[in-house]
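Thanks for coming, everyone. I would like to walk through one model this morning, going from the sheets to the backbone details and then to the ligand.

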Amino acid sequence: MTYAVNPAVNRIEAPPIMEAQSWVRPGLRNRKLLNLCQAVPSWSCAEALDDEVARLAHEPGIGLYTDIFGIPALRAAIAAHFSADYQGAVAAENVCVTAGCNQAFAASLMAIASAGDNVIIPAPYFFNHTMWLGMLGLETRLIPAVAAGRTHPDPGDAAPLIDARTRAIVLCSPNNPTGAIYPPEVIQGFFELARRHGIALVIDETYKDFRAGPAPAHRLFATPGWDEAFIHLYSFSKVYAMTGYRVGAITASPRILAEIEKIMDCLAICTSHISQRAALFALSSLDDWKRGKLAMMQHRLESLRKAFARPGLRYELVSSGALFAYVKHPFTDETARQVAMRLAGEHDLLCLPGSMFGPGQEQYLRIAFANAEATDMETLAGRLMESQAQRVAVGM
Ligand SMILES: Cc1ncc(COP(=O)(O)O)c(C=O)c1O
């Protein structure tokens with residue numbers, strides 16, 4: 001006889017990326033797999049960052065804990081960066097450094113909701129969000145993220161779902177999986193709704209740097225009393241290619257941070273000290289380097305959009321931006337998983353089925369293209385064409 005496991009955790013599906021990787025059958029056609037299943041940058045960390053970390057490794061005390069909320073210099077630098085980037089008012093006391101944005105999400109939701117409460121989230125959603133909501137015993141209430149004529153959710157869909165046990169609305173912009181960048185007025189609408197009902201608006205802005213231009217992503221940080229309703233989550237993982245350093249941030253009211261401090265103390269005590277220093281270096285010294293990577297991703301995005309305009313391609317680009325493309329596949333007799341498995345097993349293209357991002361997504365695939373060069377986009381379109389031709393050949 002052995003011990004039981006937590007049914008709230010047991011009910012959750014296994015991590016999706018691992019499953020998708022098992023679909024690959026290497027060596028079939030002797031060509032390189034186009035691996036577009038995970039939002040991992042194809043570029044390496046800045047060399048200057050590598051040098052700085054090598055130098056920091058010798059610094060006395062670098063192997064020790066920091067404050068639970070993070071080193072004061074990094075909290076202040078994040079606050080200054082957000083104040084400038086969003087043209088708003090963020091103080092160091094609003095910032096808690098975390099081990100990545102997933103931990104930021106986990107700690108924030110644990111601080112505001114308890115089992116039996118509910119959270120509103122647009123579908124398709126980032127699966128780690130709903131996995132965590134499920135583990136906390138929270139009910140997930142879905143609104144559409146994409147509808148006819150729009151690629152963003154509507155606060156009007158969320159309003160009727162709010163009841164006495166609703167604790168938060170969770171958004172992600174730029175969005176994973178769709179790549180959609182929500183207009184500032186839509187985000188403002190969700191904020192007003194949340195504030196009116198005394199619930200939190202949690203926005204995962206892991207991809208904020210990948211928006212189309214320098215205009216602020218929204219004006220919430222410039223809205224007096226923003227911290228009554230808004231919780232902002234960020235990640236250093238993507239634009240700085242620091243996925244393994246594990247640094248993110250929660251920006252919120254000191255009132256909720258006092259609760260989050262207890263959770264962080266139990267989860268990790270603090271984010272790795274040397275990783276925090278690396279993030280501080282990135283924020284203070286890598287602006288030009290970062291601009292170069294953003295321009296490169298913009299070029300890849302344009303190449304991807306051009307590739308999807310190829311005549312005869314029956315996969316439709318529904319939405320794209322940041323590191324993601326959300327694509328409608330043309331097959332009506334296969335599930336999204338079957339299509340994705342066929343692409344992986346027979347066409348050397350690994351992407352994720354829409355069904356991994358929520359109900360009602362059988363017609364879609366997510367392509368995470370940060371791992372592809374601009375020149376790979378034609379190869380991508382070619383392999384999609386190949387998969388259409390194969391189905392015609394078998395009498396689809
Ligand atoms: C929307 C979103 N949030 C959070 C994360 C995880 O970020 P981190 O590496 O900072 O934990 C990802 C990673 O893919 C993501 O897409």
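Let me begin with a question: what is the order of the strands in the open sheet of four strands, and is the pairing parallel or antiparallel? The order is 9-10-13-12, and the pairing is antiparallel. Before I go further, please keep in mind that this is a predicted model, and that local features are described here where pLDDT is at least 70.

Staying with that sheet, strand 9 and strand 12, which covers 352–353, stand at its edges, and because each has a single partner strand, one side of each is left without a neighbour in the sheet. For strand 12 that partner is strand 13, residues 364–368, and the two pair in the antiparallel sense over two bridges. One of the residues to look for there is P353, whose bridge partner in strand 13 is L365. Helix 11, residues 287–308, packs on this sheet and touches strand 9 and strand 10, with its direction making about 170 degrees with that of strand 9.

The other sheet I want to show is an open one of seven strands, in the order 2-8-7-6-5-3-4, and here the pairing is mixed. Its edge strands are strand 2 (95–98) and strand 4 (139–144), each of which pairs on one side only. From one strand to the next, the twist averages 20 degrees.

Helix 8 packs on it, touching strand 5, strand 6 (200–204) and strand 7 (230–235), and the direction of helix 8 makes about 145 degrees with that of strand 6. Helix 4, residues 72–85, lies across strand 2 and strand 8 (248–251), and runs at about 115 degrees to strand 2.

Stepping back to the whole chain, there are 13 helices and 13 strands. For 396 residues, a compact globule would have a radius of gyration near 21 Å, and since the protein chain has 21 Å, the value agrees with that expectation. Along the principal axes, the C-alpha trace spans about 60 × 60 × 50 Å. Buried residues make up 44% of the 396 residues, and, of the contacts with a separation of 6 or more, 74% are between residues 24 or more positions apart.

Now to the backbone details, starting with the cis peptide bonds. The bond from A123 to P124 is cis, with omega near 5 degrees, and P124 sits in the loop between strand 3 (118–123) and helix 6 (127–135). S173 and P174 are also joined by a cis peptide bond, with omega about -15 degrees, and P174 belongs to the loop between strand 5 (166–172) and helix 8 (184–197).

That loop between strand 5 and helix 8 also holds I181, which counts as buried because 22 other C-beta atoms lie within 10 Å. I181 and T151 are 30 residues apart in sequence, while their C-alpha atoms are 8.3 Å apart in space.

A322, in the loop between strand 9 (316–321) and strand 10 (324–328), has a positive phi of about 50 degrees, and A322 is buried, with 28 other C-beta atoms within 10 Å. D348, in the loop between helix 12 (336–347) and strand 11 (349–350), has a positive phi of about 55 degrees. Is D348 buried or exposed? D348 counts as buried, because it has 22 C-beta neighbours inside 10 Å.

Finally, the ligand. There are 13 residues around it, and the closest are G100, C101, N102, S235 and S237.

Methods
Residues are numbered from 1 along each chain as its sequence is written. This is a predicted model: local features need pLDDT of at least 70, side-chain atom pairs count only at pLDDT 80 or more; totals for chains, interfaces and linings use all residues. A residue is near a molecule or strand if its C-beta atom, placed from the backbone, lies within 6 Å of it. A residue is buried if 20 or more other C-beta atoms lie within 10 Å of its own, exposed if 12 or fewer, and partly exposed in between; C-beta atoms are placed from the backbone. The radius of gyration is taken over C-alpha atoms; the globule rule is 2.2 Å times the number of residues to the power 0.38. Two residues are in contact if their C-beta atoms, placed from the backbone, lie within 7 Å. Two strands pair if DSSP finds at least two bridges between them. Axes are lines fitted to C-alpha atoms, for helices over the stretch in contact, and angles run from 0 to 180 degrees between N-to-C directions.
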